[in-house]
Amino acid sequence: MMQMKELFERLMGKTHLTVTENHRVLVTRDGIFTDILTAGRHAVKRRGTLFNWFDLADGRFVSEHEKPLFRANPALASAHLTEVTATDTELVVVSRNGQVTHVVMPSTRLVLWTDAGPWVTDRIDVSGDLAVNRTLAMRLMQAGKTLALTAFKVDTGMVGLLFVDGAFDRTLDAGSHWFWKAGRVTTMKTVDMRQRTHEVTGQEILTRDRVTVRVNLSAEFRVTDAVLATTATNDFVETLHRSLQLAFRKSLGTKTLDELLGDKAAISAEAAAAVRTEMIKLGVEVGDIALKDVILPGEMRDILNTVVAAQKEAEANVIRRREETNATRSLLNTAKVMAENPVMLRLKELEALEVVAGKVDKLTVHNGTQGLMTDLVKLTD
């Protein structure tokens with residue numbers, strides 16, 4: 001019976017099409033949209049008929065016939081297709097079975113095959129806040145739909161400054177942040193909020209006594225107001241560098257070389273106050289400021305070395321003269337004591353004789369003890 005039916009349909013100029021569950025066929029006869037074939041076996045006229053096959057895997061209806069179909073046969077289009085249109089102040093997140101499949105950007109339109117659903121749409125207002133919550137961001141990334149997102153990462157110890165179309169919008173704490181690309185440009189600048197050290201090296205200074213020296217400076221600082229530090233000046237680190245240069249140049253220029261070498265700490269304190277006052281207005285707190293090194297020209301170093309050597313030699317001579325005077329005075333006092341006490345003098349002589357006797361092999365003494373005390377002593381090797 002079925003074979004007779006198919007034979008009859010062929011005689012009538014018809015053909016058979018088999019459409020699977022994953023496909024749909026748009027039928028156009030003599031330029032007119034007549035039908036959309038769903039899953040099954042269909043007998044259709046061959047003459048003057050065009051067939052456009054569509055895969056439902058992606059779910060989208062992408063065809064040059066889209067707008068003509070909705071305009072010429074809106075009932076047929078509405079029966080098989082679902083329109084998702086986003087206004088200029090919103091975007092639409094389309095999901096299927098809990099997974100994001102499409103993101104419809106503002107002022108755009110998406111046409112889906114209804115049978116490829118079920119479709120769930122979430123409309124998001126982007127006229128104000130562009131932030132994307134973490135849960136939705138994770139869903140979008142898992143689905144590979146990140147082209148609609150701008151992602152920023154802020155490291156620990158840093159703060160992020162978010163700018164929308166060039167205007168400051170908000171600060172971002174450490175972590176990951178996501179924002180919609182919805183016709184506006186979002187950018188981020190990170191600011192380090194940790195304690196840092198800034199060095200100014202090789203700064204040339206002319207002292208009051210017209211000696212050119214080079215100094216190395218060091219300053220500890222940290223940002224207390226990231227927004228102020230970033231918006232009040234183009235580069236707050238460069239501003240700190242320049243402030244240190246000017247303050248120390250002004251301070252050290254009023255000192256002589258001896259004053260500069262004699263008390264570096266006091267000179268640093270004078271310049272530090274001016275630097276701190278200027279930088280606190282820019283949201284930067286300056287801590288310890290130190291004049292680390294004073295580097296002299298080669299010829300000046302030689303002169304100073306000569307002066308220092310002469311000073312040390314003079315101090316050594318003074319010490320030697322003082323010791324010689326003390327020794328002479330002590331010897332004079334001893335002589336006076338011995339002159340007043342002959343017995344002590346003899347005891348000193350015996351002590352000297354004992355020392356001498358320890359250094360010879362033979363000692364001859366004449367006239368006994370009396371000779372020892374009064375006469376000559378003959379020493380024989």
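Two strands count as paired here if DSSP finds at least two bridges between them, and strands themselves are DSSP runs of E with at least two residues, numbered from the N terminus, while helices are runs of H or I with at least four. Before we use these terms, note that this is a predicted model, in which local features need pLDDT of at least 70, side-chain atom pairs count only at pLDDT 80 or more, and totals for chains, interfaces and linings use all residues. Residues are numbered from 1 along each chain as its sequence is written, and side-chain values use heavy atoms, with hydrogens and water left out.

Let us start with an open sheet of 3 strands in the order β14-β13-β16, paired antiparallel. Its edges are β14 and β16 (186-192), each with a single partner strand, so one side of each has no neighbour in the sheet. Direction ignored, neighbouring strands are turned by 30 degrees against each other on average; axes are lines fitted to C-alpha atoms, for helices over the stretch in contact, and angles run from 0 to 180 degrees between N-to-C directions. Between β13 (residues 158-164) and β14 there are 5 bridges, and V164 sits opposite A167 in β14.

Strand β14 (residues 167-172) also holds R170, whose partner D129 lies in the loop between β10 (119-125) and β11 (131-132), so the pair ties together parts 41 residues apart in sequence.

Strand β18 (residues 212-223) is joined to β19 by 9 bridges, with V215 opposite V294 in β19.

Finally, have a look at the largest pocket, with about 260 Å³ of space. A pocket is an open set of points on a 1 Å grid over the protein atoms alone, where a 1.4 Å probe fits, with protein on both sides within 12 Å along at least five of seven lines; lining residues have an atom within 4 Å of a point. Of the 14 lining residues, H102, V103, V104, M105 and K145 are the closest to the centre. Strand β8 gives the largest share of the lining, 4 residues.

Notes. Grid points are joined across faces, edges and corners, and a volume is the space filled by probe spheres set on the points.
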